[in-house]
Amino acid sequence: MIHLSNIDKYYDSKFQRTFVLKAVNLEVKEGEFVSIMGPSGSGKSTLLNIIGLLDAPSAGEYSLYEKSALDLKEKDRVAYHRNFMSFIFQAYHLIEEMTVYENIETPLIYKGVKSRDRQAMVAELLDRFNMVAKKDLFPQQLSGGQQQLVGIARAIIGKPKLLLADEPTGNLQSVQGEMIMETLQELNREGMTIIQVTHNELFAQYGKRVIRLEDGIVRGDISTKNNQPAMVK
Amino acid sequence: MFRNYFKTAFRFLKQNKLFAAINVIGLSIALAASFIILLFVINELSYNQVHKNKKQVYRVLNYYVDFKGTNSYTPYILASALKEEFPQIKKAVRCRNVNGLKLKLNNELINVWNAVATNSEIFDIFTLPMVGNQSNQKLLDDPNAIVLSRDEAEKFFPQQNAVGKEITGYLNNQEHIFIVKGVFENIPPNSTFQAQCFLNNQWKVDDINKSFNITNADVDWDKDFWITWVLLSEDSNPKDLQKQIHAFEIKHLGEKPLKIYSLQNLSDVYLGSEQVMNSGMKGNINNIRLFLAIAILIVLVAAFNFIILSTAVSTGRAKEIGIRKTNGAPINSLRIQLLIESVLISVMVLPIALILAKIGLPYAGQLFQTKLEIIPSNIVFYCLIYLCLTLFIGLASGIYTSAYLSRLKVMDVLRNTPMSGKSKQFFRSSLIVIQLLIFCSFVASTLIIRSQYQYALNKDPGYINKNIVLVDLGRDFKGYSAYINSVKSNPNVIMAAGTMEGLPMMSSMASMISNFQDNTQKVKVEGMAIDFNFLKTMGISVIQGRDFSEEFGSDMTNSMILNESAVKQLSITDPVGKKMESSVIIGVVKDFNLHSLHTDIPPLMINMTDRYIEQVAIRYQPGTLSQLIPFLEKEWEKAAPDRPFSYSRIEDIIESLYSSEKNLSTIVTLFALFTLLISSFGLFGLTLFIARSRTKEIGIKKVFGSTGKTIIYSFLKGNLLMVLFASLLSVPITIYFMTRWLDNFSYHTTISWWVFAIAFGVVAVVVFSTVLIHSFRASRINPVEALRYE
């Protein structure tokens with residue numbers, strides 16, 4: 001599904017070219033749950049942003065379903081964001097002026113889903129995450145874990161194929177973090193492709209595959225114990 | 001501590017240059033505009049305050065029972081009679097302006113305007129300080145006495161002491177030698193009582209005796225030509241005096257007096273004399289109110305801007321305040337700090353505003369149609385009010401911001417939880433709505449005033465109001481028939497006729513005529529004196545009987561024509577052939593507006609005259625005026641070589657009737673632009689800050705598939721709502737005020753809906769174009785930048 005080959009990302013300053021990513025090759029198949037690990041500044045988030053079409057690589061090839069995803073037109077990129085991929089952030093990035101309900105509803109509005117269908121879809125997700133009672137609250141009124149749940153709900157409401165999570169548990173206590181990871185794992189079991197960036201060795205193991213980045217270079221790519229045929233339906 | 005405050009305040013402004021600039025520019029424009037208006041208002045309200053005895057000085061007004069009108073002219077004898085009979089009247093004088101006084105300077109006769117004939121006590125009533133250490137008593141007792149103002153004295157006796165000197169003058173067609181008895185300081189312009197020089201009363205008594213061929217003008221109670229001023233003793237009650245005056249009237253004017261005297265305090269003379277004829281300088285309290293309201297609105301708009309921008313920017317200050325609080329700053333000291341900042345900005349603006357106001361003053365003077373002078377005796381007032389206003393804006397807008405910011409919880413601020421801005425947003429939006437509301441109402445009002453102006457120009461007055469030119473003959477011009485005949489020979493002239501005054505008439509004469517059915521009821525009927533063919537020239541149609549005609553020899557002396565209103569109000573059935581006031585009614589004309597549309601059509605009687613023809617109305621073929629004028633002038637030079645040729649187009653006369661409406665609409669338009677300018681400044685700043693504070697939100701939306709267009713649209717949507725709301729609210733407000741304004745006219749246009757549609761359109765265009773710039777930039781935000789987590 002995702003094919004990255006020889007991806008470079010660098011910034012030029014006066015005398016020096018600083019590489020954030022160097023010759024990254026990555027292949028992600030449908031249904032995978034990939035954890036990208038690495039210390040701060042190793043280029044994890046940049047890689048995720050490139051995959052998420054939020055950032056462009058300085059060199060290299062990137063294709064989605066065998067189609068080049070470089071130099072996309074604004075319109076096509078927006079279409080990918082609407083229909084194909086979705087994001088979860090460390091800082092949740094909920095819109096403070098909107099209620100839980102409205103936050104979750106937002107992507108559907110951009111997709112052009114009809115109001116009645118939207119209601120049904122949001123209600124279903126609220127129910128699934130046990131947040132029906134909180135639907136009229138504002139993000140500030142929720143705990144971090146709950147906010148992140150809203151973030152996940154918002155990300156998956158449009159039924160994307162790919163979920164990109166940038167340190168989804170970075171701001172959370174371990175109990176809440178585990179809850180979030182279990183939710184992601186469950187989504188993966190239902191067939192959603194997930195790529196997460198994380199610092200946490202333990203949470204990385206929820207994925208089926210761990211990629212280790214150091215100074216912009218892929219240092220390791222190993223399957224975890226989760227990646228066993230028995231687990232995949 | 002204060003130094004610290006000032007330092008941080010200055011640094012904050014330096015960092016937020018855009019914010020400071022927007023605030024300073026908006027505020028200085030608003031202050032300059034309101035300074036000019038306040039100058040006008042202060043000047044108007046300060047009238048007659050220079051006279052120290054103003055509380056005891058009264059003018060005697062004269063109410064004519066028959067005409068139901070008040071005049072300021074009273075008989076000569078009134079002053080002395082009042083003073084003799086009422087002990088509480090300490091001083092009393094009569095005044096009358098002397099026309100045509102000329103004084104000789106180096107063998108040249110120079111006109112002296114504003115010469116007043118009066119008695120010596122005038123110096124005790126009004127505050128008229130003498131130049132030098134001279135006494136101000138008995139200066140005018142000598143019939144040849146003259147007292148000059150400082151200006152006149154310097155003109156006729158340059159660099160000399162004028163007192164005691166003789167000066168040759170020319171008055172009542174004779175040469176006289178006057179003796180200068182004193183010199184007084186120039187009377188400031190904000191006094192309704194004005195004089196350049198004083199003479200003895202006798203000059204005017206003689207003049208009036210001569211022109212009326214009588215000898216008793218000074219004792220006749222019916223010769224109302226003088227203004228009477230009295231000075232009451234300090235302990236007297238003017239109300240009691242007023243009651244006693246009624247007995248006085250009966251004693252001197254007979255059992256059923258036709259005149260009622262009343263006392264008007266000097267302080268009321270300028271602004272309380274709308275109904276008084278021959279009152280001299282008059283102010284218009286409605287104009288003062290209107291301008292004051294405009295000034296308040298402009299200041300309001302500017303203060304709102306200030307608040308909107310300060311609260312918007314203050315979001316960035318929150319951290320500083322949080323840290324100050326953790327360091328133990330008490331809330332009050334924070335409040336004071338923020339107050340100082342906003343007062344600082346407003347005080348910085350003061351000199352800029354003063355300079356702008358000084359530059360704008362002469363233009364504003366033309367616009368207000370008054371002299372906008374800086375009157376020295378008012379300078380303290382100006383300074384005080386300007387300073388207070390400036391400080392007030394600074395404080396008022398500072399108070400809200402400081403209260404808001406100092407209330408923030410330290411933890412929220414330092415934890416960087418974004419502020420939940422719902423209520424703040426609402427507060428700001430409502431301020432903007434009020435600003436837009438003011439603007440919309442201004443725009444709609446201007447359009448209504450304009451359409452009334454157009455209506456007044458274009459409404460059919462009942463006579464032909466185009467392609468007519470009026471040539472002035474001047475008084476006692478005997479050869480007018482010859483001139484009219486020579487004018488008629490020109491093929492471009494359709495018709496020409498003489499009249500006392502052309503249409504529309506500026507002056508009015510009226511007499512009281514008994515109703516035909518009930519002769520106890522008197523009707524005020526206006527008069528008009530014309531020559532043959534005038535009605536035809538003006539296209540006024542005779543609906544009953546006939547027009548004046550040369551074929552009837554008696555028309556010149558004992559025929560008259562009435563208008564419909566006169567027939568109706570006098571209750572005349574079958575008017576043609578009836579006798580009225582020794583004349584026979586020969587016809588009835590259709591009602592026409594002889595004055596401006598401000599007044600109703602009065603009952604009118606039209607008589608013929610050959611003695612008082614002072615204008616010729618000439619109707620010409622459209623488009624031939626430029627050829628016609630040289631011809632008229634040439635003929636005029638033949639007919640009256642010693643008189644100047646002067647003419648006016650009827651179109652210009654009609655326009656001049658409504659010049660105050662035209663001016664008002666220009667003034668309101670101008671101030672509408674001011675409010676627009678100021679509030680769009682505020683909107684510009686606010687959108688900029690909203691766009692900045694929404695960076696994250698926009699980033700999120702883009703990540704979830706929002707396009708740039710959607711983001712621009714979301715900005716516009718909120719503003720559209722505000723614009724809609726403001727323009728809807730402006731409808732009832734505008735209708736309320738404009739209906740009251742239109743009531744000044746007996747004939748007026750209706751307020752139509754497109755006025756509000758245009759106001760809405762203008763506001764929408766301005767608001768959207770302001771917002772579009774920022775929202776476009778906001779829509780280009782790179783989400784990676786916006787969502788970077790630190």
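What percentage of the 790 residues in chain B is made up of buried residues? Buried residues, meaning those under 20% relative accessible area with a 1.4 Å probe and protein chains only, account for 52% of chain B. This is a predicted model, in which local features need pLDDT of at least 70 and side-chain atom pairs count only at pLDDT 80 or more, whereas totals for chains, interfaces and linings use all residues. Residues are numbered from 1 along each chain as its sequence is written, chains are lettered from A in the order in which they are written, and side-chain values use heavy atoms, without hydrogens and water.

**Chain B as a whole**

- Chain B has 25 helices and 25 strands; helices (H or I, at least four residues) and strands (E, at least two) are DSSP runs, numbered from the N terminus.
- The C-alpha atoms of chain B fill a box of roughly 105 × 70 × 55 Å along the principal axes.
- Of the contacts in chain B (heavy atoms within 4.5 Å) with a separation of 6 or more, 79% join residues 24 or more positions apart.

**A sheet in chain A**

- Strands of a sheet pair through backbone hydrogen bonds, either parallel or antiparallel.
- Chain A contains an open sheet of four strands in the order β2-β1-β4-β5, with antiparallel pairing; two strands pair if DSSP finds at least two bridges between them.
- Strands β2 (17-28) and β5 (67-68) of chain A stand at the edges, each with a single partner strand, so one side of each has no neighbour in the sheet.
- Strand β1 (residues 2-12) of chain A is joined to strand β4 (residues 59-64) of chain A by five bridges, and the two run antiparallel.
- Asp8(A) stands opposite Ala59(A) in β4(A).

**The interface of chain A and chain B**

- Chain A gives 24 residues to the contact and chain B gives 20 residues.
- The area buried between the two chains is about 2000 Å², with 64% from carbon and sulfur atoms; buried area is the accessible area (1.4 Å probe) that two parts lose on being put together, summed over both.
- In chain A, Leu54(A), His93(A) and Tyr110(A) lose the most area to chain B, together 28% of what that side buries.

Conventions: Buried means under 20% relative accessible area, exposed over 50%, partly exposed in between (1.4 Å probe, protein chains only).
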